[in-house]
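Colleague: I have this model open and want a quick walk through it. Can you take my questions as they come?

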Amino acid sequence: MSRPLSGWGRYPRITPETLSRPRSEVAVAEAMARGPLIARGNGRSYGDSALSEGQVLDMTGFRHILGFDPETGLVEAEAGVLLGDLIAAFLPLGFFPFVTPGTKLVTLGGAIASDVHGKNHLRDGSFGHHLAWIEIMTAEGEVLRCTKASNSGLFQQTIGGMGLTGVILRAGLYLRPVETGWIAQDMRPARDLAEAMAIFEEAAADADGPTYSVAWFDCLGQGETLGRSLVMLGDHARLEQLEPRRRARPFVTPEKRRLNVPLDAPGLALNRYTLRAFNGLYYRAGARKAGPSLVDWDSYFYPLDAIANWNRIYGRRGFAQFQCVLPLAGARAGLETLLAAISEAGQGSFLAVLKRLGPDTTAHSFPMEGYTLALDFPVTPTALALLDRLDRITLDHGGRFYLAKDSRLKAQTLHAADPRLTTLSETRRAEGWDSRFASAQSRRLQL
Amino acid sequence: MKDPVLILGGRSDIGLAIAHAFAAEGHPIMLAARNAQGLELQGKDLSLRHRVEVSLHEFDALALETHAAFVTGLEPRPGVVVCAVGLLGDQQEDERDMEAATRVIRSNFEGPASVLGHVANLFAAEGEGVIVGISSVAGDRGRGSNYIYGAAKAGFTAYLAGLRNRLAGEGVHVLTVKPGFVATAMTEGLDLPAPLTAQPEELGAAVVRAVTRRRNVIYTRPVWRLIMAIIRAIPEPLFKKLSL
């Protein structure tokens, strides 16, 4: 009687043999005794990271915030608590997550397992850098508190470990003190890739430069408009930057209108012409808003959260997201090759996202110093063929792939691109974790 | 300061969802249940999320002799009392085991009626207060598949209607809530049709809205009002032959 599950990309869809929603450590241990499992949060990874033909553990029953220390900004919570819950609870006290992905609807456990990054990787690293501790149910069924100092091996392995090292039960996370709920944004239109990268590099070179930087990208531009983008720089606004009337309640931002996509869009709704028109419009609308402005946190970080079920826009078949990172040295050439391949194939997404990442210090998380490009494609044979081509280009330029987005990479490609993950899979076999924790993705990619 | 809200059955998913919805509006919350100290996690979560006072109160719905003292001893004095006490039971087992059947009837009717009787007297004396009773669509008509639970809920529904009638002139409002399917621990593992199944949060928000608007009887989701109207309209000679 289980129903098929999918990630946010709605591709693939896999019916688990067993799906349970534990609310206690005992229930997690019982599930582990039944056989291999993968923990699942709010289902916002795109592909098959939290899917399995076997057992899926829905961790949203672990949903309590356990404690908060306003002196240090340390929040302690169960793994199923959403980032959005933390913002709702603690922004009014002047705290915001140090690192957030493009949706606030991810769980704490999922953010740790994917070691998500934001628009500030260069400044603040990835999600895992702000953890005080993680409590994990290990392969032996024991609950272990892991920190940088104690059980540090498991701590490091679990950050970005895709749930393949244990079941994350609880964590302690440091939040960032902020003076307001607003972001001081500086919108810079860039006519091409070189111009966009120059803006990123200028920001990166300045130690006092903006905390956040991201570019929304028209990947269907051709010739001169190849790489046309809007680069958005941002910082948490200080109190004195707000209009006087807002200063009394600096964390109150206007309630946003919620939209919904009630149905799957028909397959024809998205084609190269509608997308090209949309991307052109988006660029021109953004270019008109060039320059500094104040944006509320929700609109700045989570524009797509305002549209419930936006993933339906790609139709019944779902979509695949592609996200790679290319090392700094060859990034320009690599990105140009990627964009040329996409433009040539006439496949593309509403918007592609380009970000500058900083150096990596983790065991096997996605980021590395360089540029990351993310885009979605409706799942069609043409798109899948293009994605294989993009994999190849990424590999040729020394890049690597983001597992939280992936639904179709080949094991061989992944291991060639990222030997650290080969090490993870060896550790899993040596420690016996592979017989306890497995996802559709870990099987496909031989992790 | 806003009125404290007392949740009887403070461990249930529905009770907690209603607690969160009131806490989000700034109401202090009083959670009452057996082994109340075991609700520390839930209480802490409520107070951290909504920055309201949360207190835990020992309460046993079946220990009728304790109810008078429980209600008069409440500190702070609640302005809203929500009764989310309930026990689904297992119909087929309860058909054979009368002791189990009696427990279902006592948990869904006798206990709630007893404690709300004391609350009603307190509120009537004060000339204000709101009573919210979580009954069920199962009480709208007895069906072979769950008539023991349904009969107890039918009794509770009638009790709430009577209280509402009695207290209408005394400044005390009574809201009857009839949830249809709700995705809770009680229904986990049942294959419920998604369009008819409310999330607990949805129910919580609906209760707060209904209290604000002084509604008398609400169904969640509202489509259940129509479904139950149809079920009630089926003539008995036909109804008795249906498997429902």
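Modeller: What follows is a short tour of this predicted model, by chain and then by single residues.

Colleague: Start with chain B. How many helices and strands does chain B have?

Modeller: Chain B has 9 helices and 9 strands. Its C-alpha trace spans about 55 × 35 × 35 Å along the principal axes.

Colleague: What is the radius of gyration of chain B, and what would a compact globule have?

Modeller: Chain B has 17 Å. A compact globule with 244 residues would be near 18 Å, so the two agree. Of the 244 residues, 45% count as buried.

Colleague: And the contacts in chain B: what share join residues at least 24 apart?

Modeller: 67%, taken among contacts between residues at least 6 apart in sequence.

Colleague: How do helix 5 and helix 6 of chain B pack?

Modeller: Helix 5 (residues 98-126) and helix 6 (residues 147-167) of chain B pack at about 10°, with axes 8 Å apart. They are therefore roughly parallel to each other.

Colleague: Which residues make that contact?

Modeller: On helix 5 of chain B they include B:Val104, B:Ile105, B:Phe109 and B:Leu116. On helix 6 of chain B, B:Ile148, B:Phe156, B:Tyr159 and B:Leu163 are among them. By class, the residues of this contact are 17 nonpolar, 2 polar and 1 charged.

Colleague: Now the two chains together. How many residues of chain B are in contact with chain A?

Modeller: 8 residues of chain B, and they meet 8 residues of chain A. The chain B side has 2 nonpolar, 1 polar and 5 charged residues.

Colleague: Over to chain A. What is the strand order in the open sheet of 3 strands?

Modeller: The order is 3-5-4, with parallel pairing. Strand 3 (18-20) and strand 4 (37-40) of chain A are at the edges. Each has a single partner strand, so one side of each lacks a neighbour in the sheet. The twist averages 20° from one strand to the next.

Colleague: Which helix packs on the sheet?

Modeller: Helix 1 (residues 25-34) of chain A. It touches strand 3, strand 4 and strand 5 of chain A, and its direction makes about 170° with that of strand 5.

Colleague: How many bridges are there between strand 4 and strand 5 of chain A?

Modeller: Strand 4 and strand 5 (residues 55-58) of chain A pair over 4 bridges. A:Arg40 stands opposite A:Asp58 in strand 5 of chain A.

Colleague: Different topic. Is A:Arg170 buried or exposed?

Modeller: Buried, because 22 other C-beta atoms lie within 10 Å, and the cut-off for buried is 20 or more. A:Arg170 sits in strand 11 (residues 167-177) of chain A.

Colleague: What is A:Arg170 in contact with?

Modeller: Leaving aside neighbours within four places in sequence, its contacts include A:Glu76, A:Glu78 and A:Glu135. Its C-alpha atom is 9.4 Å from that of A:His64, 106 residues apart along the chain.

Colleague: What is phi at A:Arg10?

Modeller: Positive, about 60°, although A:Arg10 is not a glycine. A:Arg10 is in the loop between strand 1 and strand 2 of chain A. With 23 C-beta neighbours inside 10 Å, A:Arg10 counts as buried.

Colleague: And A:Asn309?

Modeller: A:Asn309 also has a positive phi of about 60°. With 13 C-beta neighbours inside 10 Å, A:Asn309 counts as partly exposed.

Key:
Residues are numbered from 1 along each chain as its sequence is written. Chains are lettered from A and ligands numbered from 1 in the order in which they are written. This is a predicted model: local features need pLDDT of at least 70, side-chain atom pairs count only at pLDDT 80 or more; totals for chains, interfaces and linings use all residues. Two residues are in contact if their C-beta atoms, placed from the backbone, lie within 7 Å. Ala, Val, Leu, Ile, Met, Phe, Trp, Tyr, Cys and Pro count as nonpolar, Asp, Glu, Lys and Arg as charged, and the others, Gly among them, as polar. Axes are lines fitted to C-alpha atoms, for helices over the stretch in contact, and angles run from 0 to 180 degrees between N-to-C directions. Helices (H or I, at least four residues) and strands (E, at least two) are DSSP runs, numbered from the N terminus. Angles under 35 degrees count as roughly parallel, over 145 as roughly antiparallel, 65 to 115 as roughly perpendicular and the rest as oblique. Two strands pair if DSSP finds at least two bridges between them. The radius of gyration is taken over C-alpha atoms; the globule rule is 2.2 Å times the number of residues to the power 0.38. A residue is buried if 20 or more other C-beta atoms lie within 10 Å of its own, exposed if 12 or fewer, and partly exposed in between; C-beta atoms are placed from the backbone.
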